[in-house]
Amino acid sequence: MVRAVDRDGVRRLMEQGAQIIDVLPAREYSEDHLPGAVNLPLRKIEADACRELDSGRPIVVYCADFA
Amino acid sequence: MTEVYDYRAGIQDWMGAGLPTEGSNAQRPRLVDVVRTDVPTCALDERLGDVRDRVVAAGWDACVVVSPDRVVLGLLRARELDADPDLPAERAMRPGPSTYRPFVSVAQMRDIMADRHLDSSPVTTSDGKLVGLVRKQDVGLDGP
C-alpha cells in the first residue's frame with residue numbers, strides 16, 4: 001500500500017535512510033532533485049525498480065507536483 | 001513488506017520551502033541565497049504610524065503585512081508607509097502582492113523586476129508563508 005507523505009515526513013524518512021526516487025525525466029532530474037534521490041523515470045520504473053532498490057528500506061517517490 | 005510513500009506535492013513543494021537540492025541548477029544563485037529575511041512585518045490591525053516608526057528605526061523603507069501564521073497579506077512600501085498614520089495597516093497596504101518562490105534564480109528575478117518595474121517583492125513558500133523580501137539591489141539592479 002502506498003501512503004501519502006508531506007515535506008516534513010519526507011525529511012524524517014530521509015533521516016531514517018529511506019530511498020528517494022525521482023520519477024521525472026532524466027533531463028529534469030539532472031537539473032534539480034532532492035538530496036540523494038535516484039532517478040527512475042516512470043517509463044522505466046517497472047523494469048528497473050527491483051534491480052535498483054533495496055526492499056528492506058522505505059521508499060519515497062516524487063515527481064514535480066500533484067497537478 | 002517495503003514501505004512506499006508518495007510525496008505528492010513533489011519537488012516544487014520542496015524547493016518552494018527553500019530546501020536544498022542537488023543537480024546542475026543547484027550551483028546557480030537563487031532567491032534563497034539573497035533574500036532579506038530580516039524584513040519588518042506587521043499585522044493587519046497595527047496602526048500605520050507605529051509600523052512606520054518601527055520600520056524606519058530598523059533602517060527599512062518597506063514592511064510585509066502577514067497573518068499570525070506568517071502568510072503574506074500585503075505590502076507596505078515607502079509610499080504606503082507615508083499615508084495617514086492613524087490608518088490600520090490593512091487600509092494602507094497593497095493587498096495580494098505577487099510573490100516568488102525561493103528557488104527562482106537570481107538572474108530570472110532580475111529580469112522580472114526590471115520588466116515589471118518592481119522595487120521589492122515578497123518571497124514565500126509554496127503555501128504562502130513569508131521567507132523574506134528581495135529588493136532590486138539584491139538581484140544586481142540599481143538600488144533606490
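## Contact and sheet

The contact takes 24 residues from chain A and 22 residues from chain B, where two residues are in contact if their C-beta atoms, placed from the backbone, lie within 7 Å. This is a predicted model, in which local features need pLDDT of at least 70 and side-chain atom pairs count only at pLDDT 80 or more, while totals for chains, interfaces and linings use all residues. Residues are numbered from 1 along each chain as its sequence is written, and chains are lettered from A and ligands numbered from 1 in the order in which they are written.

On the side of chain B that touches chain A, the elements that give two or more residues are strand S1 (4–7) and helix H1 (10–16) of chain B, and H1(B) gives the most, with 6 residues. Helices (H or I, at least four residues) and strands (E, at least two) are DSSP runs, numbered from the N terminus.

| Class | Side of chain B that touches chain A |
|---|---|
| nonpolar | 10 residues |
| polar | 7 residues |

Two strands pair if DSSP finds at least two bridges between them.

Within chain B, 4 strands form an open sheet of mixed pairing in the order S2-S3-S4-S5. Strand S2 (41–42) and strand S5 (94–95) of chain B each have a single partner strand and stand at the edges, so one side of each is left without a neighbour in the sheet. S2(B) is joined by 2 bridges to strand S3 (residues 63–66) of chain B, and the two run parallel, with B:Thr41 opposite B:Val64.

Technical notes: Ala, Val, Leu, Ile, Met, Phe, Trp, Tyr, Cys and Pro count as nonpolar, Asp, Glu, Lys and Arg as charged, and the others, Gly among them, as polar.
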